[in-house]
Amino acid sequence: MRITAIEAIPYRIPYVKPLKFASGEVSHADHVLVRVRTAGGLVGHADAPPRPFTYGETQAGIVAVIDGIFAPHLVGLDADRRSVLHVRMHRTVGNPAAKAAVDMAVWDVLAQAWGTSVSRALGGFTDRMRVCHMLGFDAPAAMAQEASAIRDRYGITTFKVKVGRRPVDLDVDVVRALRNTLGDKAELYIDGNRGWTPSESLRALDMLADAGLTLAEELCPADDVLGRRRLVANCRIPFVGDESVTTPAEVTRELLGGGATAVSIKTARTGFTGSQEILHLATGLGVEVVMGNQIDGQLGTACTVAFGAAHAATSARAGELSNFLDMADDLLTEPLRIVDGELAVPAGPGIGVTVDPDKLAHYRLDG
Ligand code: MUC
Ligand code: MG
């Protein structure tokens, strides 16, 4: 099962509705499709979504690091020597989405070779997850209308609400409008993408004390060390670290330093291998995890649900699995379908999805 090629293919698909949040805005999926080929003819796929404002990765940078650094060090290696693969990739710092996509494309070929799905190979706990939909910035009435339309069409009843605007009342009004529209049974949580100061965050949480929020994510920067510690100590719900906890070491620092009490796991930035390391660390320390979304398309979402459904702890909560609904099109032959608020793991082998060659030819940017 020797790796014979690793390809990094940039592509661009527009969003029907751009997603806006405190640290940026996404109007196009400017992603990189990563393809791993083996001597036996197996082909694995994964998606790398660059988030320049969060991790400093760009589409061109992902292509460059895979073509120029990772591929030359990995081609020729047997695909089942993942530990060697990781040591070689981790000589290079950063580049989380590029590394994650190579890792997941290799898992895709391995599971195909083993005749099983990645989700079963990782743990096989269940075959589906409840879905949480992420709501980007807009006016309160528009966000409430979007949420009720998503609930009515897909049966989704859990929503992550982007916050972090100034003054904080803007977002407080949004959460109140959502609660009024969706009723007591809907699950609501908030994600600030570092937009507020610690004291603004505390004020917002006080104002929303009766809103029934279940989680608060990355409301202020983790680098506001003492302010963040005070915020987390005074937060009555789990405080989720997201962009502050992208490696096992960062998870350890934030949890032990009082900067977070729960962890967002994103396969888009830690692949399957790194996500499992973080999951085991979190469960070993007794903190909750959430399967997060790096504004993934359908291939990325298939990876998230494959990982999330594989373990008890990652499938306990709704996973952030629906933002591909905002994209104008996608690369897969068979679209993912959310039914009754749930997304099933695509049935294997591997990640269980197929890239449509015509769609790829249409959307790829490299000719
Ligand atoms: C999130 O949870 O923060 C926004 C930026 C990004 O990288 O992921 C999203 C969602
Ligand atoms: Mg987040």
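A polar contact is a pair of N or O atoms within 3.5 Å; within protein, one atom must be able to donate a hydrogen and the other to accept it, and residues adjacent in sequence count only if both atoms are side-chain atoms. By this criterion, 12 residue pairs are in polar contact between domain 1 and domain 2, both residues being at pLDDT 80 or more. The model is predicted: local features need pLDDT of at least 70, side-chain atom pairs count only at pLDDT 80 or more, and totals for chains, interfaces and linings use all residues. Residues are numbered from 1 along each chain as its sequence is written, chains are lettered from A and ligands numbered from 1 in the order in which they are written, and side-chain values use heavy atoms, with hydrogens and water left out.

The two domains were considered next. The domain assignment gives domain 1 (3-115) and domain 2 (120-344); such bounds come from an automatic or database assignment. Their centres, taken over C-alpha atoms, are separated by 23 Å. Domain 1 brings 32 residues to the contact and domain 2 brings 37, where contact means heavy atoms within 4.5 Å. About 2,800 Å² is buried between the domains, and carbon and sulfur atoms give 69% of this area. Buried area is the accessible area (1.4 Å probe) that two parts lose on being put together, summed over both. Leu19, Tyr55 and Met104 supply 20% of what domain 1 buries against domain 2, more than any other three residues.

One salt bridge is counted between the domains. The term denotes a side-chain nitrogen of Lys or Arg within 4 Å of a carboxyl oxygen of Asp or Glu. Lys17 forms a salt bridge with Glu146, with the closest N and O atoms 3.2 Å apart. Several elements each supply at least two residues to the side of domain 1 that touches domain 2, among them strand E2 (24-38) and helix H4 (96-114). Helices (H or I, at least four residues) and strands (E, at least two) are DSSP runs, numbered from the N terminus. Strand E1 gives the most to this side, with 9 residues.

Asp191 lies in strand E6 (residues 187-191) and Asp242 in the loop between strand E8 (239-241) and helix H10 (248-256), so the pair ties together parts that are 51 residues apart in sequence.

The structure holds 21 salt bridges. Glu200 pairs with Arg166 in one, the closest N and O atoms being 2.7 Å apart. Glu200 is in helix H8 (residues 198-207), and Arg166 is 34 residues away in the loop between strand E5 (158-162) and helix H7 (169-182).

Most residues other than glycine have a negative phi, and most peptide bonds are trans. The bond from Arg166 to Pro167 is cis, with omega near -10°. Pro167 sits in the loop between E5 and H7. A cis bond also runs from Gly348 to Pro349, with omega near 0°. Arg194, although not a glycine, has a positive phi of about 70°.
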